[in-house]
Amino acid sequence: MTEIRFTIDGRACVAKPGQTIVEAAKANGVYIPVLCHYEGLKPVGSCRICTVRVAGRFMAACTQPVAEGMAVENTAPDLEDMRKSLIEMFFVEGNHFCPSCEKSGNCELQALGYRYQMTAPRFPYLWPGRALVAGTPLLMLERNRCIQCLRCVRGVKTKDGRKVFAAVERGACVTIEMDKKLAGRLSEEQARKAMDLCPTGAILRKETGFAVPIGRRKYDHAPIGSDVEKGTGR
Amino acid sequence: MTMAHEKDIVLNHPKDPAALLDVIRDVQARSGRVSEEAVGRIAGHLKLSEAEVRGAVTFYHFFSLDPRGASTVYLNDSITSRMKGRAAVARAFEEEAGCLFGDVAPDGKVGLFPTSCIGMNDQEPSAIVDGVVFTALTPDKARAIVRGLRAGTPARDQVTSTGDGANQSELVRAMVVNNIRKRGPVLFGAHEPGAAIRKAVAMAPEQVIDEIKRAGLLGRGGAGFPTGLKWEFCRREKAAERFVVCNADEGEPGTFKDRVILTELPRLLFEGMTMAGYAIGAKTGVLYLRSEYAYLRDHLEAVLADLRKEGLLGKRAGGREGFNYDIVIKSGAGAYICGEESALLESAEGKRGEPRDRPPFPVQTGYKNLPTTVNNVETLATAARILVEGAAWFKAMGTTQSAGTKLLSVSGDCERPGVYEVEYGLTVAGLLEMAGGAGAKAVQVGGPSGTCVAPAGFGRKICFGDLATGGSIIVFGPGRDIFEIVENFMEFFVEESCGWCLPCRAGNVLLKKTFGKVVGGRGTESDLRDLETWGKLIKSTSRCGLGQTSPNPILTTLKSFPELYAAKVLKDEGSGPAFDLTAAIQDGCAAANRQPECKESLHD
């Protein structure tokens with residue numbers, strides 16, 4: 001198989017044919033922040049946090065395949081500020097109260113907020129009214145924290161391929177709906193997987209919580225992305 | 001009784017998820033809604049989750065989980081409709097029906113709902129009532145429609161006079177008028193029926209593509225991709241099957257030129273679709289017809305039947321051995337985003353009309369994941385004429401970069417609204433003179449996603465490279481409020497965003513909110529800088545063309561009319577109140593059930 005040669009911020013990198021910019025960057029020890037992307041699921045480019053610039057054009061690194069000779073800009077100051085804007089936009093679009101959230105410390109949105117040193121968002125809060133769905137035995141859907149990354153839509157299916165989660169409505173009214181009938185039939189393992197898939201605290205396993213205390217959680221030890229960058233610095 | 005029918009309706013469709021929108025459409029038409037029971041039944045039949053079915057129902061304007069009334073009025077909410085007296089018409093509808101827009105009358109007989117531009121901007125205010133188009137509405141006509149529906153007269157029987165041309169035919173019977181103001185040599189030139197198909201099949205497919213490439217035909221939907229190149233890319237893909245998809249979902253507010261082609265020149269369009277099919281090696285062409293134009297469907301089906309009889313479609317199309325080609329019509333269900341080619345494909349496959357990521361492009365992975373060329377109605381009709389008359393003939397018209405003619409839909413404050421076939425390179429001033437739009441304060445070229453041009457820019461040319469447009473031109477007279485226009489456009493984008501990606505879904509809401517703050521007189525200069533920065537952020541990071549153009553109403557008016565914005569903002573940086581304190585207090589008082597001290601505004 002022939003290797004593709006490309007650069008990220010001037011650094012020479014190699015990729016396998018068919019790899020997306022995000023995948024190839026990771027393989028080369030370069031972290032490109034992502035939220036909606038999840039390894040093993042088809043990328044959908046919904047959060048746009050991974051936006052990079054190639055030949056003056058902006059594109060989502062999670063959906064764009066690497067091409068020979070591509071010069072990817074990843075950490076230009078204006079790009080990083082755009083990403084920070086998008087992270088802040090997520091915080092004003094939903095209702096995120098980190099201190100009381102079961103996912104605090106394991107939440108990828110929160111972790112990105114820290115990584116980008118977000119303080120107060122530049123946008124006005126929208127304070128949407130969002131209904132919580134709790135009528136299934138194992139799972140609850142706390143839509144105040146949902147960022148509509150569509151990971152659950154893609155990743156949680158029944159054996160015959162039916163989607164347990166689906167997007168309903170359009171535009172600013174889009175919400176994720178949990179199919180109560182199908183969610184009621186999920187196994188313990190599937191329910192756990194659904195919660196782990198969710199980058200925030202929107203999908204929660206009922207009846208258990210705070211098994212790992214705050215302070216000893218994933219991003220309490222090291223910032224998001226540092227595993228990718230390990231040994232390469234930044 | 002209704003339920004029994006509904007069950008049969010569902011079961012009559014194939015057990016294929018691709019049939020989802022067709023099933024929903026039939027159920028909606030039968031019962032005026034898609035009930036919980038129907039959702040369950042559809043999900044069971046198509047092996048989908050109920051959440052998925054609800055996802056599809058709630059995506060489209062003309063589908064609903066809640067009752068929409070025995071009869072449903074969809075009143076167009078475009079800016080032109082508002083300029084032509086929509087408010088009074090809406091009031092009349094509400095008074096007569098006994099409910100507000102967004103609701104169903106207490107007797108359940110009539111429901112009133114707003115909808116985005118229905119392609120009748122040259123004859124506003126207009127509405128679709130049970131699939132029947134009513135144009136040039138007045139308050140009296142609105143009342144009469146509701147009274148008629150209540151008395152049991154179907155909408156169709158309330159059409160007492162029909163428009164011109166094919167609008168009069170028994171299969172259409174619409175009060176819509178064509179308003180063809182200028183017939184150009186390409187689309188409206190004399191055309192011998194079938195000539196394009198016969199000429200195409202006598203050539204090699206590559207020669208057909210070559211002729212279109214040499215003509216320099218660029219996509220007429222607005223994006224301007226070279227048509228010949230698109231066909232060539234599609235033909236080169238190795239695949240068992242390829243498709244031609246015609247995008248007949250012109251949803252840009254202010255555009256209606258494809259309505260006129262579909263009404264008066266359907267044969268030319270189908271000839272274009274057939275030669276495209278021959279060129280790329282397809283067996284099937286799909287016409288994706290916007291729901292707003294469903295009244296033309298029987299007419300279009302009849303034309304297809306004629307073409308089959310004449311041997312121009314079907315087995316050995318055009319008499320060419322081995323070329324078996326037919327055209328099917330797929331219906332939309334009301335969604336602006338479905339004019340975006342990959343969203344259109346999703347919708348044609350029976351799903352929510354959410355755009356796809358590119359690459360892969362539709363020429364590689366299109367309809368049913370097979371190579372597909374998606375072309376605009378006008379593009380295909382134009383291609384048919386090019387093949388007959390030759391590339392050189394076509395190239396002699398227009399400008400070097402933008403060959404040929406363009407069909408423009410002109411509406412708003414002008415004496416002669418309608419369709420104009422003009423050569424590329426015409427100035428805005430030249431068009432205003434043709435249409436009788438003297439004294440215009442601004443001209444919106446390309447609809448809300450396009451550019452708002454101030455008089456200083458009336459010398460600019462309509463062509464690729466300057467003012468590129470899919471053809472929507474809205475003229476704003478001297479008395480118009482630019483901010484009202486921008487607000488309507490931003491409402492449109494917020495309403496029509498599919499909601500898939502963050503910047504378009506939330507960014508446009510934030511942009512509109514801050515714009516409202518400025519227009520309300522509470523903005524500062526830093527808000528103007530925010531509008532510009534956030535607008536650029538949304539454009540740069542959005543996933544598809546909708547978000548990439550949605551800030552244009554604000555960005556282009558900031559550029560064309562900076563003095564209007566400057567006059568609105570407080571010079572005192574950062575110290576103005578971000579919200580209307582009085583209104584906020586009134587909300588609080590209302591919630592607490594207490595009357596505020598200051599009562600004037602409440603008793604107006």
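Me: How many residues of domain 1 of chain A are in contact with domain 2 of chain A?

Reply: Before counting, note that this is a predicted model, in which local features need pLDDT of at least 70, side-chain atom pairs count only at pLDDT 80 or more, and totals for chains, interfaces and linings use all residues. Residues are numbered from 1 along each chain as its sequence is written, while chains are lettered from A and ligands numbered from 1 in the order in which they are written. The domain assignment of chain A (bounds come from an automatic or database domain assignment) gives domain 1 (4-75) and domain 2 (86-207). Two residues are in contact if their C-beta atoms, placed from the backbone, lie within 7 Å; domain 2 of chain A brings 14 residues to this contact, and the number from domain 1 of chain A is 11.

Me: How many nonpolar residues does the side of domain 1 of chain A that touches domain 2 of chain A have?

Reply: Here Ala, Val, Leu, Ile, Met, Phe, Trp, Tyr, Cys and Pro count as nonpolar, Asp, Glu, Lys and Arg as charged, and the others, Gly among them, as polar. On that side of domain 1 of chain A, one residue is polar and two are charged, and the nonpolar count is eight.

Me: Let's go to the two chains. Which element gives the largest share of the side of chain A that touches chain B?

Reply: In total, 36 residues of chain A are in contact with 32 residues of chain B. On the chain A side, α2 (77-93), β8 (165-168), β9 (175-178) and α5 (180-183) each supply at least two residues; helices (H or I, at least four residues) and strands (E, at least two) are DSSP runs, numbered from the N terminus. By class, this side has 20 nonpolar, six polar and 10 charged residues. The largest share, six residues, comes from α2(A).

Me: In β4(A), what is the bridge partner of A:V52?

Reply: Strand β3 (residues 51-54) of chain A and β4(A) run antiparallel and are joined by four bridges. One of the pairings links A:V54 with A:R57. For A:V52, the partner in β4(A) is A:M59.

Me: Which residue in the hairpin of β3(A) and β4(A) takes a positive phi?

Reply: Most residues other than glycine have a negative phi, and most peptide bonds are trans. This hairpin has two residues between the strands, and the residue whose phi is near 50 degrees is A:A55.

Me: Is A:Q148 buried or exposed?

Reply: A:Q148 lies in the loop between β7 (139-142) and α4 (151-155) of chain A, and has a positive phi of about 50 degrees although it is not a glycine. A residue is buried if 20 or more other C-beta atoms lie within 10 Å of its own, exposed if 12 or fewer, and partly exposed in between, with C-beta atoms placed from the backbone. A:Q148 has 25 other C-beta atoms within 10 Å, so it is buried.

Me: How many other C-beta atoms lie within 10 Å of B:R173?

Reply: B:R173 is found in the loop between α7 (139-150) and β6 (180-182) of chain B, and its phi is positive, near 45 degrees. The residue is partly exposed, because the number of other C-beta atoms within 10 Å is 16.

Me: How does α10(B) lie relative to α12(B), and which word describes the packing: oblique or roughly parallel?

Reply: Helix α10 (residues 227-236) and helix α12 (residues 266-280) of chain B pack at about 45 degrees, their axes 8 Å apart; axes are lines fitted to C-alpha atoms, for helices over the stretch in contact, and angles run from 0 to 180 degrees between N-to-C directions. B:W231, B:C234 and B:R235 in α10(B) meet B:A276, B:A279 and B:I280 in α12(B). Angles under 35 degrees count as roughly parallel, over 145 as roughly antiparallel, 65 to 115 as roughly perpendicular and the rest as oblique. That angle therefore makes α10(B), relative to α12(B), oblique.

Me: Which residue does a cis peptide bond join to B:R358?

Reply: The loop between α14 (341-348) and β10 (372-376) of chain B holds B:P359. Another cis peptide bond joins B:P359 and B:P360, with omega about 0 degrees. For the bond from B:R358, omega is about -5 degrees and the partner is B:P359.

Conventions: Pairing = 2+ DSSP bridges.
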